[in-house]
Amino acid sequence: MEQYRTLEIKLQHAEDLASVILFRKMAVYAVVSISDEQNNSIHKAKSPVDGDGHTNPTWNFPMKFKVGEAALQMNCLTLRFKLVCQRMTYFGDVDVGDVEVPIKELLDSPTSAGADGWRCASHPVTKPGGIPDHKARLTFSYKFGEKTGSPAPPGSSSSNGTDWRPFTDAGVKIVEAFLKFVIDLDGQQNNQNA
């Protein structure tokens, strides 16, 4: 039986974001996800919109995820914060920046936890296109739960309403087998057409 841990995150605030709109305040929200090494999103949650903070939004938004211990220890999981400016037009929302942190880095962090087990982290924001923003930072706190061998039943939800799907070796093998089949099938069709 695979072991799991809970990962609790409190998205606190961002500061000195680059403004991506003119003539009004930015209304910023974050899409928080946990991805595997193929960049497949395993968990996802969306924060509320902060319409008052402009380039310094504050959320204090709690989230809770379950992560597979094996994937965590193999450094296969990444925590990603995608910061987005909400627009009230039909052109759609605008990306403000990203923060990506390997979850194993958080687990192994030498930062001391408070009495309640929470640790604080602050990371630089990368602008769209991978351009580093040397001023903008995102701050969040996090806490890992104890290992457990019994994940929540399939289809259950975490406390913030987002579905979670555990990262498993069996799931990866199924996807790899399917991709190999598709590639082999494509190769056979190309040989027949030649």
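# Asking how we know

Student: What makes the meeting of the R80 and E100 side chains a salt bridge?

Tutor: Their N to O distance is 3.5 Å. A salt bridge needs a side-chain nitrogen of Lys or Arg within 4 Å of a carboxyl oxygen of Asp or Glu, so this pair, at 3.5 Å, gets the name. The pair links distant parts of the chain, 20 residues apart: R80 is in strand β5 and E100 in strand β6 (residues 94–102). Strands (E, at least two residues) and helices (H or I, at least four) are DSSP runs, numbered from the N terminus.

Student: What kind of model is this, and how are residues numbered?

Tutor: It's a predicted model, in which local features need pLDDT of at least 70 and side-chain atom pairs count only at pLDDT 80 or more, while totals for chains, interfaces and linings use all residues. Residues are numbered from 1 along each chain as its sequence is written, and side-chain values use heavy atoms, with hydrogens and water left out.

Student: How many salt bridges does the rule give?

Tutor: It gives six salt bridges. One of them joins K147 and E69, at 3.9 Å from N to O. K147 lies in the loop between β8 (131–144) and α3 (169–193), whereas E69 is in helix α1 (residues 69–73), so the pair ties together parts that are 78 residues apart in sequence. K147, at 46% relative accessibility, counts as partly exposed, but E69, at 7%, counts as buried. R5 joins in as well: R5, E69 and K147 are linked in a network of salt bridges.

Student: How do you know that K104 and D108 form a salt bridge?

Tutor: Their closest N and O atoms are 2.7 Å apart, and that passes the 4 Å limit. K104 is buried, at 18% relative accessibility, while D108 is partly exposed, at 46%.

Student: Why is β2 called mostly covered?

Tutor: Eight of its eight residues are buried. V28, A30, V32 and I34 point one way and Y29, V31, S33 and S35 the other way. In a regular strand the side chains alternate between the two faces of the sheet.

Student: What makes β2 and β5 a pair?

Tutor: Two strands pair if DSSP finds at least two bridges between them. β2 and β5 (residues 78–85) have eight, in the antiparallel sense, with V32 opposite F81. β2 also runs antiparallel to β3 (residues 41–46), with five bridges, and there S35 stands opposite S41.

Student: Where is confidence lowest and where is it highest?

Tutor: pLDDT is the predictor's confidence in each residue, from 0 to 100. Confidence is lowest in α3, with a mean of 60, and highest in β5, with 96. The protein's mean is 82, and 76% of its residues reach 70 or more. Over residues 152–168, pLDDT stays under 50. Where pLDDT is low, the predicted coordinates should not be read in detail.

Terms used
Buried < 20%, exposed > 50% of the residue type's maximum accessible area, 1.4 Å probe, protein only. Contact = heavy atoms within 4.5 Å.
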